[in-house]
Amino acid sequence: MSGYLAEFDEPDPSDAYQIVGYQEYANALNHLVPLVQKANAEQLAAYDKIVSNMPELAVYTNLSRRFNFPEARNSALTPLLRGTLNLYRQSSLNEQALGEDNEFRRTGIGWVIALARIEHGAIELGYQKNVSPFNLENLTQVEQAAFQELLLDGARSHYWTMRMDPMTHLILKGEVVKVNDRTALAYGRRAVILQNLLQALNHLAGATLSPVQKTELQSWFNDMTEVREGVSYIMYETYKQAISKQGIYSMDLEGCPRLVEGIRSDISLGKGRIQLEK
Amino acid sequence: MMKKCFFAVCLAILLGTQGTLSAAIPRNVKLELDNRLIPAYRTGHLETVVFSGAAIANQVGGTLYDEIDEYLAGNNIESLGVILARSRFTLLTQNKAVKPEATTKELLLTVPHFQQEVQQVIDGELRPEIMQENAEAPKTLQAFNDTLWTIHIYKNDLSNLDRTAVMAAQTMQAVLLAGKVKPIDRDKLSFDFVAARNQIVSENENRLNHEMALRVARVQLAQEVLDTSGERDQRLLAAFSMDQDLKIIRDFLGQQRKGLFGSVPSPNLDFIERVVITAKQANQELFATADQLFTGIHWWIRGRYGKGVAANGLLKGAHVKKTPAAGFALNMPRNRPIATNPFSKDNSEYSPYVARRHENIWSWENGGFSLAIGTDIEIVAESDYFY
């Protein structure tokens, strides 16, 4: 019996450039962040006025409230959806409308920058190497509140979608036959993005969250760690099946760089050693 | 090599179905759609879209095209003719040799798409309101912005359609000259793209005429604002407008010096330069911050509303990896976009079409194992989550 460790190619960072929004939001941030960093109150007010007069720059928030399914009857839902919906309704992290007319429409230069930051950061996390998540070192005062709101809303959306998605549960169970390697890696990428949203949120707003909210966020983070472990398991098993075929002399793994790093690290630590049986 | 073999096998399977077509999509064509065309479209591999789409287009016929289009629509994808036309066109505009060459059957599918786009210009359907007779001139800087936006979009339309007409004419000519075209099909491919192109060129000169007049008028209004207004937001708008107009007028006159657009009256550059340079010297900080603000906003709008050519607009296509500059081209909304409430129930189209990109892009399955078994094998991406 001979054994060898997997060899991995570096992920292809140019993949990120194919995604609409990556270059565009980066260019937007490169112009707008330095602009507001050096602006005084009068200048910021003028920027806000210009932005507020441009309807294309409005940002709608609390999109995650769509998971409430207010019109759905419980009996019409699958057990998975029903259970998740109950959890959703009990969550301490939901945002409530301040009034019936509240459409969660936000305007201002801070919202514009915050949206660019979260969109660009998520693409970068999913497809680039050596990333400083959301470039928090450049976070500006004017966008901080907006960015926190978008982080929490984004985290809620990703979390509840994954909870309601049967595929997530197949990955958690390590159902190799039903989940292919590419799909598993994509879900792993989503878990990575969500964990980074949660970490950024904790870093920025941890002190303002209640103990109950912090506990819930921690449990979400742990759930995503389980998803990543499920992805790793599926990759190991797929790897083993593939490597047992005759004539294979090399194999590469590409995917979300952070995820691949994690899998690589697990393998090098002996957690997922792959062996070739002859 | 393995990749070629795989393609060859698929083609063989497709060819084997000749004569057995029925109204339902044959299993092997459906496999081709599911396993290659749709994933390639969703992941931005335009060469594969053309290869696979052409194989299907050349194989099937009659009502099967409708069945296929219906199947694609069920997957939120436009018709076979449209995605094939757009993918081939995008690759051709990058001066790539696109394989396989278009055949008569493919042209019968794609030409109506090209023809419809060109016809819209000829009929004046896309012409902005400001270019209509008795249109009222804008009176505020914001109104000028909105108007010039429509002219800018129209310029892109004309430029794209100009190239479309040239390429469609060349492709059609090559196919017709090669012979083997049935008389009935020859009639369907009789649209005169060369004559249509001449109309597009003429319409572009008409557009330039309006655009230059608007820009000169805007510089004058901006000068007035800078001289009289103390409102910083208006002054920022004025400064950015002046900068932009001077640059565009200079570029235009440069083109005229090269012999282009001779029929369009030349703006008075000396006057414009004098006004803008004087204003700039008096308001240096204002001009610098205006440039930063509006350039940032410009990129933000492209990020928020722009659509690429693949994956229902979420991706730009794999060609961007080799030619980064190609990544700047995006399809933008024709009219000035307005963000709408994604929870509204008035059945209006969502704007932007995806509320958050980060909720979608994670599912692009660009990862996975690639195995080397004496040679490379191509693994096709699949995802139920990427639209």
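**Ground rules.** I am working with a predicted model, in which local features need pLDDT of at least 70, side-chain atom pairs count only at pLDDT 80 or more, and totals for chains, interfaces and linings use all residues. Residues are numbered from 1 along each chain as its sequence is written, chains are lettered from A and ligands numbered from 1 in the order in which they are written, and side-chain values use heavy atoms, leaving out hydrogens and water.

**Chain A, overall.** I found 9 helices and 5 strands in chain A. Along the sequence they follow the pattern β-α-α-β-α-β-α-α-α-α-α-β-α-β. Of the 278 residues in chain A, 54% are buried (buried means under 20% relative accessible area, exposed over 50%, partly exposed in between, with a 1.4 Å probe and protein chains only). I also looked at contacts between residues at least 6 apart in sequence: in chain A, 79% of these join residues at least 24 apart.

**Helix α3 of chain A.** Which residues of α3(A) are buried? I noted A:T84, A:L85 and A:Y88. Seen down the axis of α3(A), its buried residues fall within an arc of 105°, so they line one face of the helix (the arc is that of the directions from the helix axis to the C-beta atoms). The buried residues of α3(A) pack against α5 (144–164) of chain A. On the face turned away from the buried side, I found the exposed residues A:P79 and A:Q90.

**A loop residue in chain A.** I stopped at A:N62, in the loop between β2 (59–60) and α3 of chain A. Its phi is positive, about 50°, although A:N62 is not a glycine. Is A:N62 buried or exposed? At 2% relative accessibility, A:N62 counts as buried.

B:F261 sits in the loop between α10 (232–257) and α11 (269–282) of chain B. For B:F261, a residue other than glycine, I read a positive phi near 50°. B:F261 is buried, with a relative accessible area of 16%.

**Cis peptide bonds in chain B.** I looked up the bond from B:K99 to B:P100, which is cis, with omega near -5°. B:P100 lies in the loop between α5 (80–92) and α6 of chain B. The bond from B:S351 to B:P352 is also cis, with omega near 0°. B:P352 belongs to the loop between α13 and β1 of chain B.

**Around B:T340.** I placed B:T340 in the loop between α13 (319–322) and β1 (368–372) of chain B. With a relative accessible area of 24%, B:T340 is partly exposed. What does B:T340 contact, leaving aside its neighbours within four places in sequence? I listed A:Y60, B:E349, B:Y350 and B:S351. B:T340 and B:S351 are 11 residues apart along the chain, and their C-alpha atoms are separated by 5.3 Å.

Terms used
Helix = DSSP H or I, 4+ residues; strand = E, 2+ residues; numbered from the N terminus. Contact = heavy atoms within 4.5 Å.
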